[in-house]
Amino acid sequence: MIAGAGVGGLAAAVGLADAGFAVSVIERAPQVTEIGAGIQLTPNATAALARLGLLDRVAAVAVEPRAMVIRNGRSGHEILRMPLGSTVARRFGRPWLVVHRADLIAALAAAVAATPAIKITLGTTVEAFALNPEGVTVSLVTGRERREETAAALIGADGLWSMVRRGAGDARAPVVSGRTAWRTTIPSESLPPELAGLDSGLWLGPDAHLVHYPIRRGSACNIVAVVRDETAVTIKPSEAGGSSWSGVGDPEVLIRRFERWAAPARALIEQPATWLTWRLADRPPLTAWGRGAQTLLGDAAHPMLPFLAQGAAMAIEDAVVLTQAMAAQPGNLPAALRAYEAIRRPRTARVQKEARINSLAYHLAGPAALARDVVLQTRGPAGLLSRYRWLYGWRPD
Ligand SMILES: Cc1cc2nc3c(=O)[nH]c(=O)nc-3n(C[C@H](O)[C@H](O)[C@H](O)COP(=O)(O)OP(=O)(O)OC[C@H]3O[C@@H](n4cnc5c(N)ncnc54)[C@H](O)[C@@H]3O)c2cc1C
């Protein structure tokens, strides 16, 4: 049984069903959907999707950007142009894709729907679980109805606020980062001419950064502005639950935050758009993800700040390794789950840590920012890709 039909839960369902397991996915929301924003899938994520047989479906609805252009937010000058497209595909053997989240989830949900061994139950919450000698007894709630089901194993893929994690005895709250992400999508014809085309952009400035990239075959652009400041935004708990606190931001607040930025960056911020806000949070790496026939996967296990664009990537990698571990020891699932955790914990902890480091580096000001830009320029595009070979070069065994 998998709690949660996010990217991680759906990917794991497909992997496990292909490996011969009967999979029951329980999702609290009445529908399998995602918010209207984009997501980057770095070559390690696309390698994991390929191993799950999902890459073709996802690539069909994704864009392969030509380059990532890193600019200084205030002056607008180009710090570094990192070729993506064929350069990355040649170097890592897999593409760097960007995709609308709804398109990614729809592609994964279509694969789930085409797999008879997966049963998906919507509008139902995993509320509690108890380990037993055969596996797990899980309490499920649908509306006012409560029932118990047994499973050979329970995988908590239920996001940042994971109930399965709490049920396993870890009730600590996430760590609030003091940063808020503002996200919107706009039609690509609204882009300033300097930013039209199939490049991704990263603008670095004091206490803020801005990311944009094409989605929906280049017909739309995804914009993410991350600012160090949480007081200016009204936070209300997300109705859908899921991976973060979310709300709707006041565009005037954002416009003021970027008023001294270069004109093309301001043009992105000044779009007449609805901005959804996420108060960013993570957790320090866990020493244990589960006991007996229970484990965690994705944000439930290792929520991270989005400064490396790796949360979903790690969830999809988890799905591959979990599948391999369970297929290797189907007769002893607790041992299989411990083997999965032993492989995944060090890598995901490193990514959590590096994402926190980037959260500082991206928002530097004054001489420290200048030094960062010089380091980036000295490294150059090839140096930057080498620096992240450990991350993007991941391959399933
Ligand atoms: C601003 C921002 C930008 C990002 N950009 C990127 C990026 O470019 N690349 C990248 O790889 N990652 C990115 N991420 C991270 C990525 O979005 C998450 O890491 C990823 O979505 C986590 O997937 P998940 O399946 O683990 O959890 P979730 O997507 O949170 O899914 C959890 C699911 O579980 C369900 N659920 C919760 N509780 C229960 C319960 N008790 N019972 C049943 N169901 C339950 C929820 O409804 C939800 O459907 C970004 C994140 C943010 C905030």
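In helix 2, the residues Pro43, Asn44, Ala45, Thr46, Ala47, Ala48 and Leu49 are buried, buried meaning under 20% relative accessible area with a 1.4 Å probe and protein chains only (exposed is over 50%, partly exposed in between). Helices here are DSSP runs of H or I with at least four residues, strands are E runs of at least two, and both are numbered from the N terminus. Because 7 of the 9 residues of helix 2 (residues 43–51) are buried, this helix is largely enclosed by the rest of the structure. Just after helix 2, Gly53 takes a positive phi of about 75°.

A word on the model before we go on. It is a predicted one, in which local features need pLDDT of at least 70 and side-chain atom pairs count only at pLDDT 80 or more, while totals for chains, interfaces and linings use all residues. Residues are numbered from 1 along each chain as its sequence is written, and side-chain values use heavy atoms, with hydrogens and water left out.

Next, the nonpolar cores. A nonpolar core is a set of buried Ala, Val, Leu, Ile, Met, Phe, Trp, Tyr and Cys residues joined through side-chain atoms within 4.5 Å. The largest has 68 residues, of which Ile2, Val23, Leu41, Leu322 and Met326 touch the most other members. Helix 9 gives the most to this core, with 9 residues. A second, separate core of 36 residues includes Met82, Phe92, Leu308 and Leu384.

Now for the rings. A search of the whole structure finds 6 aromatic pairs; rings of Phe, Tyr and Trp (its six-membered ring) pair if their centres lie within 6.5 Å, and planes under 30 degrees apart count as stacked, over 60 as edge-to-face and the rest as tilted. Phe307 and Tyr362 form an edge-to-face pair, because their ring centres are 5.7 Å apart and their planes are at 65°. Phe307 lies in the loop between strand 18 (294–296) and helix 9 (311–328), and Tyr362 in the loop between helix 10 (333–361) and helix 11 (366–387), so the pair ties together parts that are 55 residues apart in sequence. Both Phe307 and Tyr362 are buried. Elsewhere, ring pairs link Phe92, Trp96, Tyr388 and Tyr392 into a cluster.

Finally, look at the ligand. It is surrounded by 31 residues, the closest being Gly8, Glu27, Gln40, Arg101 and Asp299; a residue counts if one of its heavy atoms lies within 4 Å. A polar backbone atom of Gly8 is 2.9 Å from an oxygen atom of the ligand.

Notes. A polar contact is a pair of N or O atoms within 3.5 Å; within protein, one must be able to donate a hydrogen and the other to accept it, and residues adjacent in sequence count only if both atoms are side-chain atoms.
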